[in-house]
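User: I would like to go through the labels used for this model. For each one, tell me what it rests on.

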Amino acid sequence: MRTSIAGTGSYLPDRVLTNADLEKMVDTTDEWILSRTGISERRIAAPEQATSDLAIEAGRMALEMAGLEGGEIDLIIVATLTPDYLFPSTAGLVQRALGAHRAAAFDLEAACTGFIYALAIGDLFVSSGKYSRVLVIGAEVLSRFLDWEDRNTCVLFGDGAGAAVLVPSEDGIRGIVSTHLHNDGRMAELLHAPAGGSRRPTDAEALAQKLYTVKMQGNEVFKIAVTKLSDVVDEILDANGLKEEDVDFLVPHQANLRIIKATARKLRLPMDKVIVTVDRHGNTSAASVPLALDEAVRSNRIRSGDTVLLEAFGGGLTWGGALVNW
Ligand code: ACO
């Protein structure tokens, strides 16, 4: 049985942080950020907002588009690396707020590839017949885990959430065609938060050194991301017997416009067939793909019958993709 996406939703906090604002905070320029990353601005959660608050709003919108009530959902998966708490899960908090009392709920952590992982697992539950209504969400409040004095990282990220409702495909044609997941733990420390877990709790020294914040060897990650995303595009096309020209839209992870353009070139897709939100959202990690997808669906760019390729790359190192017959 094939799984289709019956609804999408997204949420962005109100506060906009522009490159000009960042120029006043760290030694950077709008020109550097824009030319190296493609980012002009990003959203920052209000002090009282946690990841579940963003996830709930995105989930609500996706349910509304799908014409479903919370009580009809069987499973909620929240992909995040910035959960509200160590435990209980953010998905459980979303379940409570949406009145999804019948639903099983758990969080999934695959950094920026989290939504692709969540989509793949949700797809397995639906296509196996185990569940028929699954809500998958990618949500992050990364702004709480950034060193706002480190220009190498603080200019890159933003907060947000995106969601999708998965149901059995009515015609067996529309829906998720294939999913592809990867991880290489040998490079785990290229992109990580050294403290805040059981290896290094956030003690006074870790706090003083801000070791609970994102540390990234950006240029190394950049090179690997371009290669692995090119590989995963080949893998998706080969697995489905497709050629580059069979893909109508690319919905990429929004980390860096240069990485997005490299993947678009690989697919020989003009940029008007690539959904780009990195300019306004920055890198929202697990939220970036569903945020971009929701924008493309609601603006009627992606339409029924389109072949859509989703991909992401992030900490782990993780990467993956999915092909969807929209
Ligand atoms: N403003 C001005 N200068 C800066 C800034 C800044 N904000 N940040 C870095 N620089 C400087 C560096 O200090 C360096 O200076 P130096 O040459 O004097 O040492 C110079 O700019 C070049 O630095 P690089 O790191 O080589 O710059 P690069 O062109 O690689 O761009 C970037 C950096 C944007 C981080 C890029 O490498 C990138 O996008 N990497 C991939 C990020 C990614 O995909 N992450 C995965 C997902 S994230 C997740 O999973 C949480």
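Analyst: Start with strand 12, which has both faces covered. Thr307, Leu309, Glu311 and Phe313 lie on one side, and Val308, Leu310, Ala312 and Gly314 on the other. These residues are all buried. Keep in mind that this is a predicted model.

User: Why is strand 12 called mostly covered?

Analyst: The count decides. Eight of the eight residues in strand 12 are buried. Buried stands for under 20% relative accessible area.

User: Why would one strand have residues on two sides?

Analyst: In a regular strand, side chains alternate between the two faces of the sheet.

User: What makes both faces of strand 11 covered?

Analyst: Strand 11 spans residues 249–252. Phe249 and Val251 are on one side, and Leu250 and Pro252 on the other. All of them are buried.

User: How do you know that strand 11 and strand 12 pair?

Analyst: The cut-off is at least two bridges. Strand 11 and strand 12 have four, and the sense is parallel. Phenylalanine 249 stands opposite valine 308 of strand 12. Proline 252 has glutamate 311 of strand 12 as its bridge partner.

User: How do you know that strand 12 and strand 13 pair?

Analyst: Again, at least two bridges are needed. Eight join strand 12 to strand 13 (residues 318–325), and the two run antiparallel. In strand 13, leucine 323 is the bridge partner of leucine 309, and valine 324 is that of valine 308. Strand 12 and strand 13 form a hairpin with three residues between them. In the turn, glycine 316 has a positive phi of about 145 degrees.

User: What is the order of the four strands in the open sheet?

Analyst: The order is 8-13-12-11, with mixed pairing.

User: What makes strand 8 and strand 11 the edge strands?

Analyst: Strand 8 (175–183) and strand 11 each pair on one side only. Neighbouring strands of this sheet are turned by 15 degrees against each other on average, direction ignored.

User: Which strands does helix 5 touch?

Analyst: Helix 5 (residues 114–127) packs on the sheet and touches strand 8, strand 12 and strand 13. Its direction makes about 125 degrees with that of strand 8. Helix 11 (residues 288–298) lies across strand 11 and strand 12. Helix 11 runs at about 145 degrees to strand 11.

User: Why is helix 8 called roughly parallel to helix 9?

Analyst: Helix 8 (residues 218–239) packs against helix 9 at an angle of about 30 degrees, with the axes 10 Å apart. Angles under 35 degrees count as roughly parallel, so helix 8 is roughly parallel to helix 9. The crossing is right-handed. Helix 8 contributes Phe222, Ala225, Val226, Leu229, Ser230, Val233 and Asp234 to the contact, and helix 9 contributes Arg258, Ile259, Ala262, Thr263 and Lys266. By class, the contact has seven nonpolar, two polar and three charged residues.

User: Why does proline 270 count as partly exposed?

Analyst: Partly exposed falls between the buried cut-off of 20% and the exposed cut-off of 50%. Proline 270 has 43% relative accessibility, so it counts as partly exposed. Proline 270 is found in the loop between helix 9 (257–266) and helix 10 (278–281).

User: What makes glutamate 23 partly exposed?

Analyst: Glutamate 23 has 36% relative accessibility, so the partly exposed class applies. Glutamate 23 lies in helix 1 (residues 19–23). Leaving aside neighbours within four places in sequence, glutamate 23 is in contact with Thr28, Thr29 and Asp30. Glutamate 23 and arginine 151 are 128 residues apart in sequence and 9.7 Å apart in space, C-alpha to C-alpha.

How values were computed
Residues are numbered from 1 along each chain as its sequence is written. This is a predicted model: local features need pLDDT of at least 70, side-chain atom pairs count only at pLDDT 80 or more; totals for chains, interfaces and linings use all residues. Side-chain values use heavy atoms; hydrogens and water are left out. Buried means under 20% relative accessible area, exposed over 50%, partly exposed in between (1.4 Å probe, protein chains only). Contact means heavy atoms within 4.5 Å. Axes are lines fitted to C-alpha atoms, for helices over the stretch in contact, and angles run from 0 to 180 degrees between N-to-C directions. Angles under 35 degrees count as roughly parallel, over 145 as roughly antiparallel, 65 to 115 as roughly perpendicular and the rest as oblique. A crossing is left-handed if the near helix is turned anticlockwise from the far one by less than a right angle, and right-handed if clockwise. Ala, Val, Leu, Ile, Met, Phe, Trp, Tyr, Cys and Pro count as nonpolar, Asp, Glu, Lys and Arg as charged, and the others, Gly among them, as polar.
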